[in-house]
Amino acid sequence: MMLDDGDSLLIPYQIGDVFISHSQDETQEMLEEAKKSLQEEIEVLESRVESIQRVLSDLKVQLYAKFGNNINLEAEDS
């Protein structure tokens, strides 16, 4: 049995807890869409991290201005 160009080969693709068989082209498209979606989510989360780090930095400046060296706000290495 010969396969023409691989289109008749079904590849299982997991959606939640279920595997659905698709052609290689469909699976590739679904993987690209999932990759793009995850990359967008990563960018949003990185943006949130940067925003939170700026707020944290501003708070540290304010607290050190008020309390001086009487407080330690730096993370300790365990």
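Read along the sequence, the chain runs β-β-α, which amounts to 1 helix and 2 strands. Helices (H or I, at least four residues) and strands (E, at least two) are DSSP runs, numbered from the N terminus. This is a predicted model, in which local features need pLDDT of at least 70, side-chain atom pairs count only at pLDDT 80 or more, and totals for chains, interfaces and linings use all residues. Residues are numbered from 1 along each chain as its sequence is written, and side-chain values use heavy atoms, with hydrogens and water left out.

Colour the model by pLDDT, the predictor's confidence in each residue, from 0 to 100. The protein averages 86, and 87% of the residues score at least 70.

Next, select residues 24-67, which form helix α1. Its 44 residues reach 63 Å from the first C-alpha to the last, close to the 64 Å expected at 1.5 Å a residue; the expected span is 1.5 Å times one less than the number of residues. Just after α1, select G68, which takes a positive phi of about 65°.

Go back to T27 in helix α1. T27 is buried, because its relative accessible area is 5%; buried means under 20%, exposed over 50%, and partly exposed in between (1.4 Å probe, protein chains only). Leaving aside neighbours within four places in sequence, T27 is in contact (heavy atoms within 4.5 Å) with I11, Y13 and H22.

Move to I15 in strand β1. I15 is partly exposed, since its relative accessible area is 40%. With neighbours within four places again left aside, I15 is in contact with I20 and M30.

Now select V55, L59, L63 and F67, which make a nonpolar surface patch of about 320 Å². Such patches join nonpolar side chains (Val, Leu, Ile, Met, Phe, Trp, Tyr) within 5 Å, and like charges within 9 Å, using residues with over 30% relative accessible area and no salt bridge (a side-chain nitrogen of Lys or Arg within 4 Å of a carboxyl oxygen of Asp or Glu). An α-helix has 3.6 residues a turn, so residues three or four places apart point the same way. L63 lies in helix α1 and counts as partly exposed because its relative accessibility is 34%.

Finally, show the whole surface. The protein exposes about 7200 Å², with carbon and sulfur atoms supplying 54% of it. Of the 78 residues, 6% count as buried.

Notes. Areas by Shrake-Rupley, 256 points an atom, 1.4 Å probe, with all protein chains shown as cover.
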